[in-house]
Amino acid sequence: MLLSGSGVVQNAMRVPTLPQIRSYMEYSGWERRAPGVAGTLWVRNGIRIGVPNSTIGDREIVKGIVARLAAYEQCPESKLASRIRYHLMDVTFLRAANDYRITDTIPFEAASTVIGSARKLLRASGTTAWRERGEIGGNYARRGDEVLRSARMDHTLDGSFVIPLLVPLSAPDERTPHAADLPNLELFTSAPEPFERRVTRTLAQSIQAVREIIVQPENSPSMSELHAVVERGVSREFCSALASILAEPAVGEFETQFDWAESLPAPGAMPTSVVIESEAVGRIEEAAKKLKKGRIDTRSTFSGDIVELRHVTDEPFGFIWVSTIRKGRRSEIRVRLPFSEYQEALTWHHSQRVVIVEGRIEVGAGRRLVVESPVSCRPIDEIFVDAH
């Protein structure tokens with residue numbers, strides 16, 4: 001940010017750090033040569049770019065590196081700078097707007113409410129990403145709070161009141177397929193999503209569930225419909241925090257936009273933008289009261305990404321492994337599916353779509369968790385249609 005001669009703050013290109021540049025270049029296919037005294041030469045397709053070895057670089061030097069990378073990628077410098085900055089982060093853009101009351105500023109009290117309530121939204125999502133529950137009641141998950149502490153808030157952007165909420169991602173765990181020595185075996189595997197990604201994904205599917213199941217229908221949601229939103233990650237605390245934002249007189253609508261880190265495949269069929277208008281505050285507050293009064297049991301369901309699929313030629317069943325959280329620890333649950341459903345699951349896996357499974361979880365051979373006869377197994381984003 002720069003001050004003009006009149007003292008008005010103006011936007012300047014936000015340059016990435018040198019570690020962010022090195023991470024991005026490694027991901028993009030640049031080859032690192034042996035480091036010298038002052039820096040390291042990176043090479044790709046005959047192009048050479050020098051990057052200092054330090055963690056803090058002169059702004060003009062960093063801008064020069066970004067300019068050379070932008071010329072190579074034929075991309076505007078400001079756009080590439082943002083891509084590099086957010087390369088290892090999931091970003092949620094939080095926007096509070098009211099065209100009649102907000103031009104380029106927002107009342108300070110309203111801004112304070114938005115930031116404080118956004119923190120509560122992320123904290124609630126961090127807990128329900130660990131274990132779904134209708135009411136948290138102060139029992140927040142330690143792992144979720146760790147994600148909250150690692151989250152960052154970037155500078156506000158133009159467009160009424162927009163806050164970029166940054167969640168840094170840890171590296172995905174390397175994964176070894178379950179052992180098997182079978183002929184004609186079809187096998188697909190992928191690394192499970194980092195827990196930080198699961199938290200932001202839970203935030204995204206939760207706010208979409210609120211809009212689709214609580215806000216948009218003509219009638220108030222039934223307890224069975226509230227069960228569906230709780231399975232998505234919605235809690236009483238989540239609803240209360242969202243209602244606090246919408247209740248601000250200066251907020252006409254609240255929008256969340258999601259920009260997934262390039263370093264990992266984006267979760268399929270998740271919303272890119274969700275808008276909820278302030279008129280919905282009463283419906284959301286009513287849902288929060290119902291969630292406080294009625295206990296919702298989610299022990300028969302679990303959700304997560306498919307990390308392994310197996311099918312032996314001519315067998316009437318196939319198997320998938322779903323990475324999830326169970327009893328406070330990472331688990332992979334094997335689900336047996338009829339072949340036609342297994343084929344569907346294969347398309348979901350290729351599309352990076354998260355699934356939700358309902359069924360009895362048992363302990364199988366080798367103390368592995370299994371669901372032999374699931375009641376249902378489907379993408380988590382499809383639930384919204386049937387919940388109405």
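Predicted model: local features only at pLDDT ≥ 70, side-chain atom pairs only at ≥ 80, totals over all residues.
Five strands make up an open sheet, and their order across it is 7-8-6-10-11, with antiparallel pairing. At the edges stand strand 7 (152-153) and strand 11 (273-277), each of which pairs on one side only. Within this sheet, strand 6 (residues 89-97) and strand 10 (residues 253-259) run antiparallel and are joined by seven bridges.

Helix 10 spans residues 339-350 and has twelve residues. From its first C-alpha to its last it reaches 17 Å, close to the 16 Å expected at 1.5 Å a residue. Five of its residues, Tyr342, Ala345, Leu346, Trp348 and His349, are buried. Viewed down the axis of helix 10, the buried residues fall within an arc of 160°, and therefore they line one face of the helix. What covers these buried residues? The cover includes strand 9 (185-189), strand 12 (301-312), strand 13 (317-326), strand 14 (329-338), strand 15 (355-358) and strand 18 (376-379). Just after helix 10, Gln352 adopts a positive phi of about 65°.

Helix 10 also holds a pair of aromatic rings. A search of the whole structure finds four aromatic pairs. One of them is formed by Phe339 and Tyr342, which are stacked with 6.2 Å from centre to centre and 20° between the planes. Both residues lie in helix 10, three residues apart, which is about one turn of the helix. Their surroundings can be described in terms of accessibility. Phe339 has a relative accessible area of 30% and so is partly exposed, whereas Tyr342 counts as buried because its relative accessibility is 1%, under the 20% limit. Phe258 and Trp260 form another stacked pair, with 5.9 Å centre to centre and 15° between the planes. Phe258 and Trp260 are both buried.

Aromatic rings take part in a further kind of arrangement, in which a charged group is placed over the ring. The charged end of Arg123 sits over the ring of Tyr140, at 3.8 Å from the ring centre. In the case of Arg336, the charged end sits over the ring of Phe317, 4.0 Å from the centre of that ring.

Attention now turns to a single residue in another helix. Ser125 belongs to helix 4 (residues 108-128). Is Ser125 buried or exposed? Its relative accessible area is 0%, and therefore Ser125 is buried. Apart from its neighbours within four places in sequence, Ser125 is in contact with Val199, Thr202, Leu203 and Phe238.

Most residues other than glycine have a negative phi. Asn184 is not a glycine, yet it has a positive phi of about 55°. Asn184 is located in the loop between strand 8 (161-168) and strand 9, and its relative accessible area of 57% makes it exposed. Asp314 is likewise not a glycine, and its phi is positive at about 75°. The loop that contains Asp314 lies between strand 12 and strand 13. With 75% relative accessibility, Asp314 counts as exposed, because the limit for that class is over 50%.

Key:
Residues numbered from 1 in each chain as written. Heavy atoms only, no water. Helix = DSSP H or I, 4+ residues; strand = E, 2+ residues; numbered from the N terminus. Expected span 1.5 Å × (residues − 1). Buried < 20%, exposed > 50% of the residue type's maximum accessible area, 1.4 Å probe, protein only. Arc of directions from axis to C-beta. Contact = heavy atoms within 4.5 Å. Phe/Tyr/Trp six-rings, centres within 6.5 Å; stacked < 30°, edge-to-face > 60°. Lys NZ or Arg CZ within 6 Å of the ring centre and 35° of its normal. Pairing = 2+ DSSP bridges.
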